[in-house]
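Visitor: Hi, could you walk me through this model? I'd like to start with the contacts between chains.
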Amino acid sequence: MTRRVAIAGVGISKFGELWEQSIRDITLEAGMLCIFDSGIRGGDIDAICIGNMSAGRFTGQEHLGALAADMGGLGNVPSYSVEAACASGGAAVRQAYMAIRSGEHDAMMVLGMEKMSDVTQTEAMNTMSVASDWEWEGLGGATFPALYAFMARRHMYEYGTTEEQLSLVTVKNHANAAHNPYAQFQRPVPLEVVMKSGFIADPLRVLHSSPISDGAAGLVMCSEEKARELTDTPVFIEASTQASDTLALHDRKSITRMDSVVISSREALKKAGLKIDDIGVIELHDSFTISEIMQMEDIGIAKKGEGGKAVEEGITQIGGNSPVNTSGGLKARGHPIGATGVAQIVELVYQLRGEAEGRQVEGVEKGMAVNIGGTGATSIVHILGR
Amino acid sequence: MVGIVGYGVYVPRYRIKTGDIANVWGADPNIGKALGVFEKSVPGPDEDVATISVEAARNAVKYGRIDPTKIGAVYVGSESHPYAVKPTGTIVAEAIGCTADITCADYEFACKAGTAAIQTCMGLVQSEMVELGLAIGSDTAQGRPGDALEYSAAAGGVAIIVGDKKPVATIEDTVSYTTDTPDFWRREGEDFPSHGARFTGEPAYFRHVGEGAKSLFRKTKTTVDDYDYFVFHMPNGKFPISMGRQLGVPPEKLEDGLVVRSIGNTYSASAMMGLARILDIAEPGSKIFMVSYGSGAGSDAFVIKVEKEIEKHRGQVPTVDDYIERKTYVDYSVYAKYRRKIVALG
Amino acid sequence: MAEKGVAQVWRKIRAIYNIQGNICKTCDTHFFPPRLVCPNCRRKGQLEDYKFKGLGNIHTFTIVRQAPEDFKRQMPYVVAQVELDEGARITAQIVNVDPEDVEIGMRVRACFRKITEYGGGGLIVYGYKFEPVLKVTGHPYP
């Protein structure tokens, strides 16, 4: 008999260009915060799992599991990192979920982090490109934004999605982030400003794109039994699923949907015994605004090709039928790659505990997070419930 | 008889008007008329002698319907090889589908390295050492900003496949004329060439092209009247016409090969480009007299006769005129960016 | 150990110079880049080398205006997914064209270009890009 897995505490650093903080500082910060939030004794944590994409290239440091154990004074607990590009955070959550569910570990700390601002723009762009097929896409000049522009162009061509719809995603996510004290951009942005921002890869503009960020997020995950000892408000992981797709975007039959998201979200709902309409709050992976629109379609809150229209209709706003990215999403909360998947879970926990001040969705029972890697070669979905 | 069994050319898409260059340096904007060069080709930022050579060679293979595995020799003549050490020829051979059983080398003899490659291939074919030889003249010529050369230094390539079965044009004879005459050079490690200014004229170009031509007339016992077309190396639009005047060539016999006016001096490809332009249009039976020139200095002179076979090959690949007409103008700042003249960009 | 890029590039020269991929004789699917295992047939697959003709249509594209240093001289440049006539899609730059003239469905052909260089003294990488198909007149007699 497998057991339920709970989240007993969460912590998150401020996201942004953290000039004064190193990767060690933000790792420790997120770790301490989630431990304090859960009330667990450090000695009761029996493993650490890290989600990180490329600390080796961004900072010159790998072996982050040992680093975290050392910095946190957690001594000799087993520790390791997992990598799945931008889905590294989600992958770390899922690894801990499986370890606890199996009974191998009882309480784990999960940390996601990335320190991206210590390198040049060229190095940052090239490091992000290795999440796609570096040899056959990136090397020839298809930057990471270019690959998402491929999808956007095609989505506009096939379904008539408009630049304004792409821009409305930004407007919504910035409006939400204005109420998130951890977000990189805590300010609204008017539609005209988004639509006039410079192109980075047509049709995508600067303000359709998530920023380069530093940040870390952490969870204390444990068995239900342990969670009940620690807190009156445990949040449970009701499903954790993952799917893959081709590494290179050009090998997909269609580039206007992400099969990995379709499969993993459908599977997650099935495992949790839920329908998509049962989900009250959703964190999607809006590395570019087109990906939020595509994922809305892929998880089923909008019909295929109608994601843009659904944004216009406001279904993803707080107060709408399916609020998406109440945190501000990758666009406005920020996107420190390895931290993102964990930060999504942190936001869902705040929402489910009713602590998302200023951006709280009323009466929310279930939340879903979709964390993708590369251009959708990995998709990791978690469904959380109270 | 040995001859050309396939040929192909390539000229980059970008052009700059010589008047625009003159405006930057405060020279007479009508310089185009004085030089006989009105615009010149500019390679794109991702083009070099290897890419230009490959494009020309692929056209030559297609034109001649050649099986590239039959090519036994590849020579690329240029003074702007992308590597100082490491052959351009191996890149070309691999990119057109040659086998590893070939001989290959890069040539350099200022603007006549391409015609030297033709002569080498003729020797190899006639001695039956190879069945087919590929000779390329290709350059992305550099002129120091503000220097007289900047108005003409252009980019382009011509590939000629030499063989002795069903040539589209036979090469009836060739001679060379070579002395040690330092009219133009580029030292190792220097970005731009230096030249002897007016010294490049009389003792250099005119002496070598003139003597080469006369030598070939003597050897073949022919005169100007025996030829329909003449091509002399084209460092600008004036020199070949003066040369023709000295040798008694009527201007109309030079006219069809004067591609320098619209694309500039493509250096190792220059005379060969004129030849290709004529092969594009000449009727079978036409006779062509071509003399290339390379600073330093030497000339290679050729007598070429167009064969009936040529009619079966036209229309396969873009002609010189197709490339000349495919153009987009850039201004001096874009030209400077593409040609790596902005030092801070590296 | 090898100088940056040297062995990595050298081992795929065939593929990048001539768009050489492979075809699975079991399911008749063309692959580029060449695959080690047919993803459709797996152990039942029979892969053979195949040289693509280098002709296709633009499936999607973008104009890149923010790129790593190595591409600075080319900006803005067009990069696209080209659907090759044989069926495989390939990611490549589109050259010899004004960016504003590019559109989905445009007919293109492969050409040979410099892809990148490893610094001023390093290796130069050559390979395929695509360009609009060129007009070929073939001169009639004058």
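Guide: Happy to. First a definition: a salt bridge is a side-chain nitrogen of Lys or Arg within 4 Å of a carboxyl oxygen of Asp or Glu. By that rule, the interface of chain A and chain C has three salt bridges. Please keep in mind that this is a predicted model, where local features need pLDDT of at least 70 and side-chain atom pairs count only at pLDDT 80 or more, while totals for chains, interfaces and linings use all residues. Residues are numbered from 1 along each chain as its sequence is written, chains are lettered from A and ligands numbered from 1 in the order in which they are written, and side-chain values use heavy atoms, with hydrogens and water left out.

Visitor: Which side chains meet in a salt bridge there, say with Arg35(C)?
Guide: Arg35(C) pairs with Asp251(A), at 3.1 Å from N to O. Between chain A and chain C there are also 17 residue pairs in polar contact, both residues at pLDDT 80 or more. A polar contact is a pair of N or O atoms within 3.5 Å; within protein, one must be able to donate a hydrogen and the other to accept it, and residues adjacent in sequence count only if both atoms are side-chain atoms.

Visitor: And which parts of chain A touch chain C?
Guide: α5 (121-129), α6 (134-138), α7 (144-159) and β5 (199-201) of chain A each supply at least two residues. The largest share, six residues, comes from α7(A). Helices (H or I, at least four residues) and strands (E, at least two) are DSSP runs, numbered from the N terminus.

Visitor: How much area do chain A and chain C bury between them?
Guide: About 2,800 Å², with 56% of it on carbon and sulfur atoms. Trp136(A), Phe150(A) and His250(A) supply 26% of what chain A buries against chain C, more than any other three residues. Buried area here is the accessible area (1.4 Å probe) that two parts lose on being put together, summed over both.

Visitor: Let's switch to chain C and chain B. How many salt bridges are there?
Guide: The count is eight. One of them joins Asp46(B) and Lys129(C), whose closest N and O atoms are 2.6 Å apart. On the chain C side, α2 (13-18), β7 (107-117) and β8 (124-132) each supply at least two residues that touch chain B, and β7(C) gives the most, with six.

Visitor: What about the area and the residues involved?
Guide: Chain C and chain B bury about 3,200 Å², and carbon and sulfur atoms give 49% of that. The contact (heavy atoms within 4.5 Å) takes 32 residues from chain C and 39 residues from chain B.

Visitor: How is chain C itself built, in helices and strands?
Guide: Chain C has two helices and eight strands.

Visitor: New topic: how many disulfides does the structure hold?
Guide: Zero, over all chains. For Cys34(A), the nearest cysteine sulfur, that of Cys222(A), is 11 Å away. A disulfide is a pair of cysteine sulfur atoms within 2.5 Å.

Visitor: Is Cys86(A) buried or exposed?
Guide: Cys86(A) is buried, at 4% relative accessibility, and Cys34(A) is buried too, at 0% relative accessible area. Buried means under 20% relative accessible area, exposed over 50%, and partly exposed in between (1.4 Å probe, protein chains only).
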